[in-house]
Every structure is written in C-alpha cells, then in structure tokens.
Amino acid sequence: MATLGRASLLLALGICLYGIGAALYGARTGQQGWLESGRRAVYALAGVLTLAFAILEAAFLRSDFSFDTVAAHSSLTTPLFYKAAAAWSSQEGSLLLWAWLLSLWSSLALFLTRRRLREVTPYATAVLLGFGGFFTALMVFYATPFATTSPAPANGAGLTPLLRHPSMMIHPPMLYSGYTLATIPLAFAVGALITGRLDAEWLGAIRRFALASWLFLGIGILLGARWSYAELGWGGYWGWDPVENASLMPWLTGTALLHSIQIQEKRGMLKVWNVSLVLATGTLAIMGTFLVRSGVLSSIHAFGASTLGVPFVILIAVLIATSVTLVLRRRHLLRSEHRLDSLLSREAVFVANNVVLVGLCFVIFWGTYFPLISEAATGTRASVGPPWFDQYTVPLALVLVLLSGIGPVVAWRRATVAHARRNFLVPTLAALVALALGAAGGALARPGALAMFCCAAFVLTAVGQEFWRGTRARMAMGQESGPAALVALVRRNRRRYGGYIVHVGIAVLFVGVAASSSFRHESELSLRPGQTTSVGPYHVRYVRPTAHLGQDPARTGAVLDIGATLDVTRHGRHVTTLNPTRGYYDSNDPTQGSVGHFIGGDPVSHVGLSAGPLRDFWSAIEPNLSTADLQRYVTLGNRTIPFVRPDEGLYVIALMARHYLQNPPPAQFHFLASPLVSWIWLGGLIVLGGGLIALWPAPAAVRRRVRAPVAAGLARGLGRPESA
Amino acid sequence: MSVWVVVVIALILAAVVAVLAAPVRARRPDRAPGRATGERDRAAGPAWAARADLEAARGAKYREIREAELDFRVGKLSEEDYRAIDATLRAEAVEILRRLDSER
C-alpha cells in the first residue's frame, strides 16, 4: 500500500505540472480543450490525493507500523477515535491533509465557476495547481507520509497525549479548510489582475469562498481555544501563542475583506484595498502553515521541527513579490469609481472597521514575527508576552465591538443627523444602563471590562432594534405574523441579517472574554486529603485521591490516571463535585525500563470543570509521583521484571497506584473561578450560525421573487419587458 | 512491488491520462472549417466577459436598490434622502441595462 501511496503522490505532482501547463497554454491560445483539460487536472488531483489520504488513514486505523509515520504517531493502545486523527498530527500527514483539502475545495470552486469568469479561471487554475504542486513536492522530496521500515516495529510511539482531545480531532481539518479556502480568492485575484478583469464578476465569485474560509478559520480557532481551556492545564483559552496568532491573522483580514467587499460591490470603491486584502489573507494563510510546519517558532503547537522552512520562505517571497507587482501593474484599473458621500454612512463605518481590523492584524503580526526578526538581526531571541499584546489589542477590540453596533444602525450612502439620533438613542441608553449596573456591581475597578460591557450592550440593543424594525416593517407591508415576518426578513436578506447575528455573537464572545479575564479568582497550592482552601467566594475540600488503571475517564488511553475528588461549596451550600486527574501514558521507550515506560510518556491534565451560564469552576491537579516510596516500585520493577512480561509490569503500576491511594502525598492544585466563560463558546456558536445564514444561498425561487419587483420597475422605465 | 500494485498504478495512470486528454482530443461539431477553435474563443472572450461583468453589476445594483428600500422602511433614511438615493440607483441600473442591451 505504501508503494501505491508514493505512486499517488508522484502522479499528483505530475498532474499539477501538467495542469499548470495546460491551463496557461489554454489561456494563451484560447483553446477550450486545453482550458478544460487544465480544469480536469484539478479534479484528477482531488481523486489521486483522496486515494493517498485514504491509504494513510487505513494504515493508521490498521496500526500498520511498517509506515514510519504510523509508528511515530500511533500505537496499539491509542484509542481508535484518536488513531484516525493521528494522521494529521504528523508533519507528513498534515501536509497531505493540506494538499487534499486544497484539491477538494479547488475542485468545488472550479466546478461552480465552470461557466463563468472564462478569462480569469485558467490563471486561477494554474495558481491553485501551483499550491497543490508545492505541497505535493514537499511530500515527494522532503517529508513523505509513505516512508516504510522493514521489519515493522511491534508497536508505535503513540499519539502525543496532549492531542487526545475531541477538539483536536476537528481543529486541524477546520483550520486547514480555512487556510486552503483562503487560497481560492487569492488564485482568482491573481487571475483577475493578470487578465485585467477586475470588475464586479470576480468579486462576486470569490465572496462565498472568502466567507467559507472565514467561517472555517473561526471554528478552528474556537476549537483550539476550547482545547487549550480543557486540556492544557493552565486554565486559559488564549495565550497569544504564535500558532494561535497565525490562524487569527488571516481571520482578521478576512473579516475586513467581508466588510469592504460590500463597498466595492455597491460603490465601486476600495478596489486596491480589496484585492490587497484578498492577496494578504491568502498569503497569511500560507504563512500560518509555515509557522506550524517549519518549526521556526518554538511553541506548544510546533511539534515537528522540520527542514521545510526554506521552501516555504521561497513560496511566501514569491507570493508577496507577485502580489505587489500585479497590483502596481493594474493600479490604473483599480481606481475608485466614487468617493464617500458622507462620514455618517455605513461605508465610512466599514472603512473604520477595516482600519481597526488591519491594525489588530499588524500588531499581532509584529508580536508574532518580532522574535524571529530580532533573532535574525541580533542572534538573540526576544519574545513578547500576553501583556504586550493586551496593551494594543484591548483598546482596538473595544473600538471594533463598538463599530459592530454602529454599522447596522447607519444607512448606506448617507444618514441624516436626525435619523441617526433616533437610531442611536436606545442602544446608547442600553450602554448607559450597562455602565450603571457595572458600576453598582463593582466593575469600576476594571475599566476595560466595564467599557466592553457597555459596548456589547450597545451592539446587542442596536441589532435587536434592527430585527424589531425590520420585522415590524414586513408586518406593516403584508399580513404576516411576527415570527413569519422575522423568518421572511432573514430569508430574503441573508447577508445582512446573517451578518447582524455574527455581530451579536462577537459581542457575546467579548463579554465572556472581558468578564472571565478581569473578574476571575485563581489559586495554586498544595493540599492533602481533608484540607480546604478558598477561591473567591468558593471553598474547595480535597476529599480523597483517585486512581484508574488502564481505564481513564476521558478515554484517552492513559495507562494510569491519578486524580482527586473535590467538594466545592459556596456560603456553606454544595455547588459541585469535581474530579480532576492527570493521565500518565506509555512512552514505548525501552530505556525507561519494563515498568517505567508505562508511565514514562508526557503526562496530561484532564481538568475537573463545572461549567454554568454565569460561572465556571475549573480545577487541575498535579500529583506527586516522585516520592521515594512510589519511585521504589518503578526502580524495583525495572530491575526484576523482564520486558516480555508486560502484564507483570502493569501489576507493579497497580501496586504503585494502590500505595498512592493508601498513603497519598500532598498534590499540587490549580483552581479558577471564572465568570461567563460559557459566553465565549455560546458567542462562537452564534457567530457560526450567523455565518452559515450569510453563506447559505437563497433558493432560486426566493431570489427571483426578491429581484422581480426591482427588475419590473426598471423595465417599465426602459419601456421594454424584463424578467428577473 | 507486487503485481497487483503495478496493475492498480497502471490503471490509475491510464484513467488520469484519459480524463485529461479527452477535452484536448475532442473535436467540436460546430468548428468552422479553416478557423481554429482557439481563435473563435479568443474573439468571443472579451465580449462574453464584459457581459458577465455587466450582469454581475446588474445583480449588485438590484441588491443595492432593495437595501436602500429596507433602510428606508426601518427608519434609517429620511424620505427625502431615500427618494434621492433610489433615483440615483435606478438611473445607474438603467444605464447598466442599456449597456447590456447594446452587448446583445
């Protein structure tokens, strides 16, 4: 099977090279046959890479350790659920996942545009196949997923325990879908710039892909945050880790694009800006992959240090140079057709929002790449931490949330002061109420959080007012009931009201971030069974230690899971019982001994969490297994039990666990009582729902009904029959 | 390398070649004698693209007219502003329709 996999990759590379040639030759000569052949090359690439990916997945599911990557990232004891995900935990597998998703999304894009953008598509095809060829070449020449060893080892090293979390099953495919989808607008932008077809059509064609990329990146970012909160044992959901930042940057520029694209569609303005945002988002997506896969930045995510850095740097340099050259060459075709009519207009708010979003992206870019730049310049790696990011991103985030409330209540083109005053009245009052409530609740000590609550109240009221007025207008026009009018309003204006729902989600999410980061209570200390501590208004009692052998509650394949039962009370009343544990995994490393290897892998925290709509109580434990009493079991076991008797080795681990339960040493605990963390996940779900509404195409019948009155009115003006 | 792997690889290769070569080998039934397909497509290209652009612009203008109406109905625009904006948008739409007519 490995031979078939290698052959598939070679064939994929050949298809890419052929497809690039066919598409460019077809574009040059205008011969339809070559253009079609170039397009088919993308479909063929998808087919061949699907085969390659299926071979790799099958190898992981069958635990075929003759594949080097399977032996390095899976094992017989890895649960089946995680064996499937282990394929993309490896360097090689993730490159294959990237190329495979690229081929699938590219096929979809080219299929949907097969009768449109006839001049642009061949160049877009060549660019997409160029990306496909790049990643396939990396797998053929640098990091093949189909390298084999004979004879195959009896067992593998196992999946990194940190990755054994449900979020990690979905996080990489979501992020990579976002990255690969971001290259589609880039490819079409390059095609539009080369051909000079920079009018409305190409922009309309890429909008959905830009939105889908934004949506997938958002889901990936949120899943990553959830994983960090539930798995990493530090209690946070965002640490300004370079790899987190790498996915956030294209999301920010993608958000800016989704707003500014509307200005070009409606007013023919910001053409240079929009095409630059498309190119920047695609390039940032490639740079995100570079950060994770090149091993250039040391981070918890950059598991695989590799030799892929130089090819990626060359690709990024080519992308930047080509983008700048093309935009400069076509700047005469990218002149704005209009100017802003008024500073009190939605266009003006969108421009402001774009400035803030790109400003945020720049800050994060600088904070992420500064360590690299400083190391290159001085030889010493300087790093910037969360406080540095917070001082710039917090004020920008406040402005951004406020703008997301102002935008919906301001009309396109121009709004009169009287109408603006009327539209702003209720949201402003809501913000003032939030200010008063916050001040009364003691939030004045945290002005940043209080400001965010006020901005969020403004947004929620502004959007609520929009839904209310829109529904009322529809009810006044027809005989619809309130709910029917609301549904019809959203169905007929999916982009507008889907976008408003996204704004609600963002406001809810930021309320969660502000509250949980500003008003949390934290405690780190050592406790013995029976001892109690206070965490804000909560009292926590370490009731008893726990130990599970071979059956950890989180089903992650831990050999030994040591934890604690905690009783949490508030004002004497029981709140919850928590069971944080720490999983110890088999390292499969014989140098650690016949007993030691069973618990020699990287230990991972499984947090004890009680989540609620208003507060989370979070706990993590770090048991002390290094006491002389406990280590004696390992030392003696290693000395007396042969490797060929793993059952006896496990028996020693069981004895050790029993000793721990009978004579528990003090354990280190980390407690957090954080308000409104659930609002972050809820806000993310609302954003997802709004994004799907905006993305989902309206049925053709609805589109015809919506356009018919306008078309008929215009046709009467022209004195001819017209159909929508 | 086992025989069946070689056979499978050969079959995949043959299928890919067939899929890619088919459009290049295919002869168009409406191909005019003495005139290359490419020349005809190239000649038709700019007109086709211009028309597609105008149709996209028409769709965007329709949406803009409807959005202005919605802005007016939900109280974001005064009647005076709405009338002026609507008239401008409709004039721009009519211009696009005229250009589309001339492209036919």
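Reader: What share of the 724 residues of chain A count as buried?

Author: In this predicted model, 54% of the 724 residues of chain A count as buried. A residue is buried if 20 or more other C-beta atoms, placed from the backbone, lie within 10 Å of its own, exposed if 12 or fewer, and partly exposed in between. Residues are numbered from 1 along each chain as its sequence is written, and chains are lettered from A in the order in which they are written. Because the model is predicted, local features need pLDDT of at least 70 and side-chain atom pairs count only at pLDDT 80 or more, whereas totals for chains, interfaces and linings use all residues.

Reader: Why is A:T471 called buried?

Author: A:T471 has 22 C-beta neighbours inside 10 Å and therefore counts as buried. A:T471 is found in helix α15 (residues 447-477) of chain A; helices are DSSP runs of H or I with at least four residues, strands are runs of E with at least two, and both are numbered from the N terminus.

Reader: Which residues are in contact with A:T471, leaving aside its neighbours within four places in sequence?

Author: They are A:G482, A:A485, A:L486 and A:L489. Two residues are in contact if their C-beta atoms, placed from the backbone, lie within 7 Å.

Reader: How does the radius of gyration of chain A agree with that of a compact globule?

Author: A compact globule of 724 residues would have a radius near 27 Å, and chain A has 28 Å, so the two agree. The radius is taken over C-alpha atoms, and the globule rule is 2.2 Å times the number of residues to the power 0.38.

Reader: What makes β4(A) and β5(A) a pair of strands?

Author: Two strands pair if DSSP finds at least two bridges between them. Strand β4 (residues 560-570) and strand β5 (residues 573-578) of chain A have five bridges, in the antiparallel sense. In β5(A), A:L578 is the bridge partner of A:L566. The two strands form a hairpin with two residues between them, and A:H571 in the turn has a positive phi of about 50°.

Reader: How many residues of chain B are in contact with chain A, and which element gives the largest share?

Author: The contacts join 45 residues of chain B to 51 residues of chain A. On the side of chain B that touches chain A, α2(B) gives the largest share, 22 residues.
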